[in-house]
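Please work through the exercises below with the sequence and the coordinates open, and try each task before reading its solution.

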Amino acid sequence: ALGGGIRTGVLWGAALLAKHTAWLLGAVFPIFFFVRFLSCSRRERPGWCRCLSFAAVLAVAVWGTIWAGYGFSYATWGPHGEFWHAAWKPPEAPLRFLWERHLLPQPYLEGMHQTRITMGRRSFLDGAHSPVVTVWRGDPPAPVERLTGWPHYFVMTFLYKTPVAGLLLFVLAAAVSFSRRLRLGVLWQEALLWILSVVLFAAVSASGMNIGHRHVLPILPAGIILIARIVPAISRFSVRLRRPVWTGLAALLVWYAASALKIHPHHLAYFNEIAGGPENGPWHLTESNIDWGQDLKLLAQELRRRGIPEIHLSYLGTADPAYYGICYQVLPGYTLNFSPPSAARRSVRIESGDYVAVSVTNLMETYEDWPELMGVIRTWEPLVRIGYSIYLYRAPQDLVVPPPRRN
């Protein structure tokens, strides 16, 4: 109990330092222990003292690992010795309880607070933008618009972003698991993996934060283990069936590998045949599913190759296009972290024959609505798709650029 609790706690604590999603393991572990308890014979089942000892050691190891990640310091200190965010106090009752008693480092608590308040963000799915609902807040209550997500968002990202061969392998893995006699003594290992996948997928889907397929990537290791268990299951088939089954499995693995190699080096922009490939990906999903500003360098190379001296640019990303030698007039659109040019360099009019480059997240108006601009550009045929995330056009018509909006 001591060694296992320490190992599990340290690993869980490291996961919590890396990603707040790891708190979901707090709901998964009790289910794991219960299934494991039932899978043991009466003679092998641990006593209550051993179970409670394991839980206590686990909790202490998790708590100590989080503190170790912050150097056992409650707060972050500035370059001149000042206390960072000394006046900050979490508004949420559970976080405030931990903050008042110094039970967790303050920067970690603030990170959890920031995660909670940024849950509602605009998203894009199959040509539609995040639905908005009206809720009543305050005293006296007043109507407030709030963004909501789609409960099926991650189902669709999984269908679009997973190679079809992988989807078929998941189906085979499920068939192998549930074709056996449903005795926990035999299936407890598979049960734990399925429980982990289902709980994580359900929790992320219920969060309403529809910003990228990456949020369900933690289920893939469990899925790969389940797929690997297909191999020993084949040995139980009759000799007559083994050869075609092995052939079919090999074909799926080759197909899976070919899907990854075909998209190289633009793996972020991968979309399978169900979505129509990466060329049609932006009509289904945007943001980090395809566009994270990663193709700016390739855009600069393409402009040099074509001898294009200047473009109109709407770019989603953190890098400064000027760093790569791109001379541009800025178009409206959402950007992440670079300072746009001065007002004198803002685009006011696109002339016929001008070159225009737009990140697909802005093209689909994921975060900001510019129908009078992006709605027109979407009707144009791109000259080239730069890594699938930036479309380069040559304007077929004159187009007045709307002025930037005041906040």
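**Exercise 1: cysteines**

Cysteine 327 counts as partly exposed because its relative accessibility is 35%, where buried means under 20% relative accessible area, exposed over 50% and partly exposed in between, with a 1.4 Å probe and protein chains only. Cysteine 49, by contrast, has 66% relative accessibility and therefore counts as exposed. A search of the whole structure finds 0 disulfides, a disulfide being a pair of cysteine sulfur atoms within 2.5 Å.

The model is predicted, so local features need pLDDT of at least 70 and side-chain atom pairs count only at pLDDT 80 or more, while totals for chains, interfaces and linings use all residues. Residues are numbered from 1 along each chain as its sequence is written, and side-chain values use heavy atoms, with hydrogens and water left out.

**Exercise 2: serine 389**

Locate serine 389 and describe its surroundings.

Serine 389 lies in the loop between strand 9 (384-386) and strand 10 (390-394), strands being DSSP runs of E with at least two residues, and helices runs of H or I with at least four, numbered from the N terminus. At 0% relative accessibility, serine 389 is therefore classed as buried. Leaving out residues up to four places away in sequence, serine 389 touches Ile290, Asp291, Gln294, Asp295, Val358, Ser359 and Val360, contact meaning heavy atoms within 4.5 Å.
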